[in-house]
Amino acid sequence: MRNTQRREFWFIVGSQSLYGNEVLETVDRRAREMAEKMSERLPYPLVYKLTAKSSKEVTDTVKEANYDDSCCGVITWCHTFSPSKMWTNGLKNLQKPYCHFATQYNREIPNDEIDMDFMNLNQAAHGDREHGFMAARLRMPRKVIAGYWQDEGPVKRLGDWMRAAVGCAVSKELKVMRFGDNMREVAVTEGDKVEVQAKLGWQVNTWATGDLVMEMNRVTEEEIDSLVEKYLNEYEKNTDDTGAIRYQAKEEIAIRKMMDREGCIAFSNTFQDLYGMEQLPGLASQHLMSEGYGFGAEGDWKVAAMTAIMKAMGRDGNGASAFIEDYTYHLEKGREYALGAHMLEVCPSVAEGRPKIETHHLGIGMNEKDPARLVFEGKAGDAIVVTLVDMGGRLRMIVQDVECVRPIMPMPNLPVARVMWRPMPDLQKGIECWITAGGAHHSVLSYDVSAEMMKDWARIMDIEFVHITKDTTPDMLERELFLNDLAWKLK
Ligand code: MN
């Protein structure tokens with residue numbers, strides 16, 4: 001069930017009454033023009049709210065922003081000087097993501113025209129510093145973006161920040177449906193659900209596999225016919241086992257109905273609890289993910305939620321992001337890669353070409369029959385892998401830059417979707433960094449959500465953020481983690 005909530009951002013421009021009405025009218029007119037023009041290139045509307053001249057105006061607008069569900073964040077800018085003690089009470093109350101866009105209306109200093117009137121009207125360089133001090137003094141978590149408002153670069157960054165902020169709005173509303181518990185004895189997929197709800201807003205609850213089986217029994221043949229038709233339009237059929245495809249359709253329909261009824265956009269299950277089911281959902285989970293639902297295997301509700309959030313942050317609200325697991329390495333000198341896959345459930349949004357529906361034996365778990373699944377190769381391109389671990393008392397997000405390649409060998413006997421990548425800074429150091437940080441074997445692989453967006457998301461959510469880049473070394477990272485540990489104990 002795609003969320004139909006309207007999402008917009010508010011543009012609040014700082015000024016003061018010192019310059020007279022004419023200046024304020026000009027500021028107002030220009031701010032409206034800027035918001036309208038930028039909105040044409042931004043993923044969400046930027047709505048000009050007001051030119052703030054007093055503490056009351058700022059405070060009233062912040063209160064309104066806090067309680068308006070469509071407002072996903074505020075973007076501030078100071079056209080003129082805006083004495084920023086007037087922002088204190090408002091900023092202290094702000095509960096929405098906050099970005100300070102340091103720009104100015106004119107691109108160039110007009111050589112002949114510039115005089116003191118021009119200087120009083122166009123002093124963002126001055127006003128934005130005053131505004132920045134106040135936010136720094138208040139220790140406000142915020143994004144600062146500088147650049148000309150008509151240039152592609154800064155507007156793109158503003159748009160990316162909006163996507164991160166929308167990811168936060170999605171997070172605050174997010175419900176995860178768990179079928180069964182975590183895989184027995186696994187540590188990293190565990191976590192404090194109460195803490196996660198307090199921090200990230202996630203409502204993580206369990207439904208019995210038996211509830212799902214009952215729902216499956218109510219699915220009609222007509223419903224299955226119509227979903228199978230959809231499968232065959234989107235994917236290539238590479239199996240004679242039509243029964244397995246129909247069974248997966250039945251699973252998908254039932255899971256979707258249960259999630260939609262409860263308002264859940266992510267789910268997890270486990271191969272250790274499939275009582276009353278013939279097959280672990282494979283194709284079913286993959287197709288649900290392709291339509292924006294999050295998924296985590298073996299009860300991994302954290303990665304299920306992150307998959308849903310990152311999909312919502314991506315292109316058109318459902319980007320190329322997939323649940324993935326590190327499986328095995330290719331350690332040939334000069335061609336070192338990691339192979340990511342899962343026993344069934346990788347989202348086809350990361351596929352190169354048309355995925356194939358296949359059925360194969362799955363020895364692990366309680367499968368009475370061979371589950372149908374999508375088999376494909378991941379596409380080439382720069383991407384990130386993201387994981388979230390519970391460190392006991394706090395959450396740590398780990399993001400690693402990776403370079404995906406078309407798998408360097410066909411692997412004809414591998415019966416699952418596969419993606420191959422080189423982690424940064426290189427395979428060996430990349431593994432060392434990931435393991436040092438406590439990164440999980442499950443993660444979300446994304447081609448269109450950037451590390452900067454995830455950093456913005458983590459800042460807004462107030463959780464630890466660790467980024468492994470081409471410049472990271474295991475030594476540097478160890479020191480960073482040590483300092484983070486101290487800092488987060490003090491927070
Ligand atoms: Mn797994």
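Just after helix H11 (residues 283-290), Gly292 takes a positive phi of about 100°, where helices (H or I, at least four residues) and strands (E, at least two) are DSSP runs numbered from the N terminus. Helix H11 itself is mostly covered, seven of its eight residues being buried, namely Leu283, Ala284, Ser285, Gln286, His287, Leu288 and Met289; buried denotes under 20% relative accessible area, exposed over 50%, and partly exposed the range in between, with a 1.4 Å probe and protein chains only. The model is a predicted one, in which local features need pLDDT of at least 70 and side-chain atom pairs count only at pLDDT 80 or more, while totals for chains, interfaces and linings use all residues. Residues are numbered from 1 along each chain as its sequence is written, and side-chain values use heavy atoms, with hydrogens and water left out.

The manganese ion has as protein donors Glu298 (OE), Glu325 (OE), His342 (NE2) and His442 (NE2), which lie 1.9 to 2.2 Å from the ion. Donors are N, O and S atoms within 2.8 Å of the metal (3.2 Å for Na, K and Ca), and since water is not among the atoms, sites may look incomplete. Along the chain, the donors follow the spacing E-x26-E-x16-H-x99-H. Within this set, Glu325 in strand E11 (residues 321-330) and His342 in the loop between strand E12 (337-341) and strand E13 (351-359) are 17 residues apart and link distant parts of the chain. Glu325 is buried, with a relative accessible area of 11%, and His342 likewise counts as buried, at 1% relative accessibility.

An open sheet of five strands shows parallel pairing in the order E2-E1-E3-E4-E5, two strands being paired if DSSP finds at least two bridges between them. Strand E2 (46-52) and strand E5 (143-146) form the edges, each pairing on one side only. Neighbouring strands of the sheet are turned by 25° against each other on average, direction ignored. Strand E4 (residues 98-102) pairs with E5 in the parallel sense over four bridges, and His100 has Val144 in E5 as its bridge partner.

Helix H6 (residues 152-173) packs against helix H14 (residues 451-461) at an angle of about 50°, with the axes 9 Å apart; axes are lines fitted to C-alpha atoms, for helices over the stretch in contact, and angles run from 0 to 180 degrees between N-to-C directions. The two helices, H6 and H14, are therefore oblique to each other, given that angles under 35 degrees count as roughly parallel, over 145 as roughly antiparallel, 65 to 115 as roughly perpendicular and the rest as oblique.
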